[in-house]
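Visitor: I am new to reading protein structures. Could you walk me through a few features, one at a time?

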Amino acid sequence: MRQKVVAGNWKMNNTLGETKKLLKSLKKELKGLKLVDTRVIIAPSFVNLQHTVKKTENSIIEVSAQNLHQATNGAFTGEISVDMLLDIGVNTVILGHSERRAYFNETDEALAQKVNTAIGSGLDVIFCFGEQLEDRQNEKHFEIVESQLKEALFALSSEAYKNIILAYEPVWAIGTGQTATADQAQEMHKFIRSILAKNYDEKLANSVSILYGGSVKPNNAEEIFSKPDVDGGLIGGASLKAKDFSAIVKSI
Ligand code: PGA
């Protein structure tokens with residue numbers, strides 16, 4: 001049985017004060033909710049991680065970082081290491097988000113190293129990938145997705161996938177309000193399972209959770225999540241509102 005996951009990527013939003021407020025509302029909205037085989041994860045900025053970990057103890061909410069550095073320590077000004085995250089009780093990290101790839105030049109090669117570092121230390125990784133609009137228009141979306149997965153993940157052992165959650169995020173759907181249709185998400189997720197099966201085996205392909213991300217909102221989550229190969233969502237904008245995020249969680 002694959003785990004379902006709803007993860008909120010807060011990106012560069014929320015001061016400490018705003019984080020406190022949002023956490024309070026979120027805990028209220030999700031109180032008493034009983035979920036089976038489902039993880040609810042939020043990813044605040046680095047500076048608010050420690051507070052969030054503390055405030056979500058004894059709740060269904062888990063906490064993820066939005067990035068880490070591939071080196072374990074050293075002269076990398078401004079960066080955050082895996083041990084720093086583990087030390088404050090963070091055990092998941094988002095890697096490969098399209099904003100990191102586009103604005104911070106994260107290459108497939110660097111991402112492969114980051115994934116190795118994270119997995120090697122026992123962190124769970126939410127690994128993001130997805131095509132640009134022109135890739136889809138040129139019918140290159142399957143090719144691009146296969147190459148992103150191959151370059152960053154396919155050198156990993158089968159064992160490593162116990163710690164990997166995939167997040168298919170077509171770049172044209174992120175923050176644009178233009179979501180992929182549920183059928184487009186299903187088509188790509190099925191393709192992703194087929195390439196996992198080809199490179200590993202059927203059992204592994206069926207065990208990995210694959211999330212969809214890109215303009216998931218309370219009014220479209222249920223339809224997207226109803227697809228057989230969609231195991232949940234990575235939510236940006238709508239994760240900043242307690243009511244919207246919890247409505248999405250409840251539609252899983
Ligand atoms: P969005 O962001 O929900 O605002 O489109 C998704 C993401 O970037 O993960």
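Guide: Gladly! Helices (H or I, at least four residues) and strands (E, at least two) are DSSP runs, numbered from the N terminus. The expected span of a helix is 1.5 Å times one less than its number of residues. This is a predicted model, where local features need pLDDT of at least 70 and side-chain atom pairs pLDDT 80 or more, while totals for chains, interfaces and linings use all residues. Residues are numbered from 1 along each chain as its sequence is written, and side-chain values use heavy atoms, leaving out hydrogens and water.

Visitor: What span should the 13 residues of helix 7 have?

Guide: Helix 7 (residues 141-153) should span 18 Å, and its end C-alpha atoms are 18 Å apart, which agrees.

Visitor: Which residues of helix 7 are buried?

Guide: Buried means under 20% relative accessible area, exposed over 50%, and partly exposed in between (1.4 Å probe, protein chains only). In helix 7 the buried ones are His141, Val145, Gln148, Leu149, Ala152 and Leu153. They cover an arc of only 95° around the axis (taken from the directions from the helix axis to the C-beta atoms), so they sit on the same side of helix 7.

Visitor: And how do I read phi?

Guide: Most residues other than glycine have a negative phi. Asn58 has a positive phi, near 60°, and belongs to the loop between helix 2 (49-55) and strand 3 (61-65).

Visitor: Is Asn58 buried or exposed?

Guide: Asn58 is exposed, at 84% relative accessible area. Ser215 also has a positive phi, about 60°, but Ser215 is buried, at 9%.
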